[in-house]
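Visitor: Please pick one part of this model and go through it closely. I would like its surroundings included.

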Amino acid sequence: MSPSDQESLRHLKDLDIDNPGYCLLCNQAIEDPAHLILQCIHKTHFWRVALKITKVDIKLEDVWDTITFQSKATQDQLTLLGDIILVIWQHHWMCTINKIPWNTTHTIRRLRRVRWNKGIHFEDFHNAP
Ligand SMILES: [Zn+2]
């Protein structure tokens with residue numbers, strides 16, 4: 001098993017003293033699902049910027065409830081949230097596997113590319129209602 005495989009499986013071993021499941025990006029908390037997606041300081045910063053520039057009508061404090069089906073969202077909002085989560089997942093594992101720090105600027109660039117590939121161009125992206 002490669003080291004990166006071991007990293008991805010570290011949550012399965014509760015008593016692994018050498019690797020207790022701390023977030024490798026901030027090293028400040030156990031990396032549970034909410035931390036991985038939203039609560040890590042790096043992810044929170046990314047969410048803040050992404051919600052602002054996409055002008056989606058969802059507050060940061062409502063994101064977790066929305067993505068865990070505890071509050072309603074439109075189809076466009078759900079699609080955007082999916083794109084943001086996709087980018088978080090990709091960037092999280094790229095950083096973890098390559099042992100490089102999180103970079104919100106790169107993450108926003110990746111989100112723009114994902115949206116662009118769906119035909120949401122920069123002008124539309126900025127001017128989205
Ligand atoms: Zn973290």
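A close look at one helix

Guide: F69 lies in the loop between α4 and α5, where helices (DSSP runs of H or I, at least four residues) and strands (runs of E, at least two) are numbered from the N terminus. The model is a predicted one, in which local features need pLDDT of at least 70 and side-chain atom pairs pLDDT 80 or more, while totals for chains, interfaces and linings use all residues. Residue numbers start from 1 along each chain as its sequence is written.

F69 has a positive phi, near 60°, and is not a glycine. Most residues other than glycine have a negative phi. F69 counts as exposed because it has 8 C-beta neighbours inside 10 Å; with C-beta atoms placed from the backbone, exposed means 12 or fewer other C-beta atoms within 10 Å, buried means 20 or more, and partly exposed lies in between.

Next comes α5 itself, residues 75-98. Its 24 residues should span 34 Å at 1.5 Å a residue, and the end C-alpha atoms are 34 Å apart, so the two agree; the expected span is 1.5 Å times one less than the number of residues.

Which residues of α5 are buried? They are L80, L81, I84, V87, I88, H91 and H92. These buried residues pack against α2 (33-39), α3, α4 (60-67) and α6 (104-117), a contact being two backbone-placed C-beta atoms within 7 Å. Leaving aside residues up to four places away in sequence, L81 touches T66, I67 and A73.

Axes are lines fitted to C-alpha atoms, for helices over the stretch in contact, with angles from 0 to 180 degrees between N-to-C directions. From α3 come K43, F46, W47, A50 and T54, and from α5 L80, I84 and I88. By class this contact has 6 nonpolar, 1 polar and 1 charged residues.

Just after α5, K99 takes a positive phi of about 55°.

Notes
Ala, Val, Leu, Ile, Met, Phe, Trp, Tyr, Cys and Pro count as nonpolar, Asp, Glu, Lys and Arg as charged, and the others, Gly among them, as polar.
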